Every structure is written in structure tokens, then in C-alpha cells.
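Reader: I would like a close look at one part of this model, the charged side-chain pairs.

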Amino acid sequence: MATKTFNNDFMRTMEVTPLILSMSLPMVFSMLVNSLYNIVDSFFVARISEDAMTALSLVFPIQNLVHSIAVGFGVGINAVIAFHTGAGNSKAADKAASQGLFLSVLHSLILTVICIAIMPSFLSSFTSAEEIVSMGVRYSTVVFSFTLINLPGITFEKIFQSVGRMKVSMVALASGCIANIILDPLFIFGIGPFPEWGIEGAAFATGLGQLIALSVYLVTYRVRPMSVKVRMKLMKPELKMARSLYSIGIPAALNIALPSVLVSVFNAMLAAYSDTYTLVLGIYYKLQTFLYLPASGFVQGMRPIIGYNKGAGEHVRVRKIFISVLIMCAFIMLFGTVLSLAVPQSLVALFTDNPQTIQIGARAIRIISIGFVVSAISVTASGALEGLGKGMASLWISLCRYIIVIIPVAYLLSILFGLGPDGIWYSFPVAEFLTALASIVIYKRTAES
């Protein structure tokens, strides 16, 4: 069965702006739905108790780490497939898809065992409240049991994206997220014939949503074949292909995982003041997904285009693609800034009705939002470099953003300058401005050399 996706040359010939929009808007929609799911998920968990919301916030770094490994390795698969299809080497593209899926399943088995094993001690290192630890362990055990479903689903997402099948990703992600939103209150509160599972119900809803998304990919792959094939005979890992996948995938995974490291460090610093500040940080990261995930949609749409054009030798077009996506991401960040400055109390109130938490959270969001617009530079540059196969250069940008700059600045402002928690909130915009400058230098020296 033939479809137009067997010919991916539209990535090289179509006008840049319409091309980016056609590739990105389905992903932006998917990311918006996904961010809505994150907010709704937390909204229902917050209805259980503030302790439940705190438990969710403490599990988040490890949950995000697993997601980071899956998406990062998927970015490697995406970039290698796009490059080889742009260069006209279909067999190498099939090898990247097949071996990438095999390695993804292997990753999921390892991560399931490790994550379930470490969670009790991990949670206990951040809080002495037994109820919070208990809730966190119960939630994480269920969530990580679905890793074998989640990681292959993300791999198929990146394979479909690599050949321009963005609408399939949109349908799969939206289906999983909508199912999760519907199932959350049913499983958490035991509505109708459903059992009242509490915080475990939120985890089961998440896992079933991931199963539905994977099912959409598998059915679509069977019914509407694409130019890249997953073949059993090509699944045996080869050193050369594995090196290509991991050379992009490992830096990309670290890029996505670094926020989890930052959250863990900041949780430890904020816990010295009050558990309320830890909760506020968790709320902020739930809210910021609504902003950064749509921007990520444009970056995801850009990656296969920019990789394909690099493989085809279209260097001027690569530059035009980068600038166009940068402008689009900046507009999204501007919207987030206006919203954060206008109604921060209302945003925080989605997750708690505690007046003190709302007040502290509103102040934090106002301060952090100062750096939103300028962050578009580092977000776009990092994603473009991944699409171009420059994984280490992309990693340096993320290291500046999440480790090298922000943590020392937070320490200086909060402790040495005596600003307390405010110093941690101010470290966000400071890091964004400094990292933007570093991103411009890194991108020019690496991508345009």
C-alpha cells in the first residue's frame, strides 16, 4: 500500500514557513493537550490532599528522568532516520528504526527495575512525613510498571515524526491524554462502578493513556505503511549504528533530564525553608509545561526538517528554518509571560486552596516569568543542534541553563546575598539571559561552521 509519505522530498522543496507550520502545528496541538493532561492530573491529585500533591512533586524528577531517557534516545533515532532519508539511504534509515526500537525495549526493562527499587529511599531523602513517602511509593510503583509500554510508544512517536507523519503523533498523543483525563477522576475517587484507588488511580490512568497511544501507533503502522520500516532481521544492534543513535540520544536525554537534576537540587534547598516552597516549585513545573511543551512542538517539527535538509546539503535553507522556529517560539513565550504576570494567583489556585501557598506561588511565577521570552533562544538552538546531529553542542547549552549557571546563581542569591527562596526564583531569569548569550556563540560556532 503506497502513500505520499514514501516521498519525503517535500521537506526540501516546500516553502519554509508553511512547511514548519504543517509539521509543527499537529505537535503543538499534541503538546497543548499533553500539558492540559499534566495540569488536570495534578488538579485531581490535589483534591486528595496537599500531601498527595507534594508526593507527586517529589516523584516528578525520577518520572521525568525516565521520560527524558526515552525522548532523548527517540531524538537520536529521529535525527539519524531524517539524515539518512535526506541522503537517500533507505536501508540505513530502516536499521535506525529497527535497532532503535530494540534498544528502547531494553532500556524500559532496566529502568522499570531500578526506578521501583530506589523510590522509597529517594522520597525519604526529601521528607520525613511518612504519609507523603507512602503516597509517593504507591504512585510511582504503578507508574513505573508501565515503562515497558511508555518507552516503545515514544520510540514510535519519533519514528513517525522522522518521516513527516506528525498527524499520527498528534492523534496518538491526544488519544492517550484524553483517556487519561477521563479516567483520572473515575479511578481516583471511585465514581460509578470504578474502585476508589486514590493516588494509585492517577498512576493507572496515566499508564492506560500510554497504552492507548502505543496502540494508535501500532494500528497505524499496520494499516498505513510509511517509508521507514521496522524489520525483525535488522534489530540486532550494530556498533556503528548504535554509536550514531547514542551519540545524539545520550546528550539529548541528558538535555531533557537536567531539569530533574535541577528540581532535586532546588527541592533540597527549598526544604530548608518550608515544605510549602517545595510544593510551589512542583506547581511551577506543572504550569510551565503548558508553555514549554507547545514550544517543544515547534522544535519537534523542526528536527526532522533541519536534519533532512542537512543530509540533502541545503545549508541556506537550514538557517532559514532555524530563524523561523526561533520567532515562533518567542511568541509562545511572550504569551506565557503576559499570562504569568496577569493572573499568577489564579494559576497557582488550580493546585491548592491554601492562601499562603497561593501568595508564595504567585510571587515565584512573576519572578521566573521574566526570563521566558529570552529562553526561546536556548530552546530553539538546542533543538536545532540535535536535529543537525550536534548532540554535544546541544548538551552544553542545557548544562549552562540547568546546572552551570543557575545552581551557583541560586546559591549566591539565596544564601550569600540573603534573599532566601526569592534568590532561587530570581536565578531562573538570570540563567536564561546568560544561557541565551552562550547559545548564540555555541550555535554559530557549531551549526554554521
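How many salt bridges does the structure hold?

Author: The model is predicted, with local features requiring pLDDT of at least 70 and side-chain atom pairs pLDDT 80 or more, while totals for chains, interfaces and linings use all residues. Residues are numbered from 1 along each chain as its sequence is written, and side-chain values use heavy atoms, leaving out hydrogens and water.

The structure holds seven salt bridges, a salt bridge being a side-chain nitrogen of Lys or Arg within 4 Å of a carboxyl oxygen of Asp or Glu. One of them joins Arg303 and Glu386, with the closest N and O atoms 2.8 Å apart. Arg303 is buried at 11% relative accessibility, and Glu386 is buried at 4%; buried means under 20% relative accessible area, exposed over 50%, and partly exposed in between, with a 1.4 Å probe and protein chains only.

Asp422 and Arg363 also meet in a salt bridge, at 2.8 Å from N to O. Asp422 belongs to helix 17 and Arg363 to helix 13 (residues 355-368), so this pair ties together parts 59 residues apart in sequence. Here Asp422 is buried at 19%, whereas Arg363 is partly exposed at 41%.

Glu238 and Lys95 form another salt bridge, their closest N and O atoms being 3.3 Å apart. Glu238 sits in the loop between helix 8 (199-223) and helix 9 (239-271), and Lys95 in helix 4 (residues 90-124), so the pair ties together parts 143 residues apart in sequence. Glu238 is partly exposed at 35%, and Lys95 is buried at 18%.

Note on methods. Helix = DSSP H or I, 4+ residues; strand = E, 2+ residues; numbered from the N terminus.
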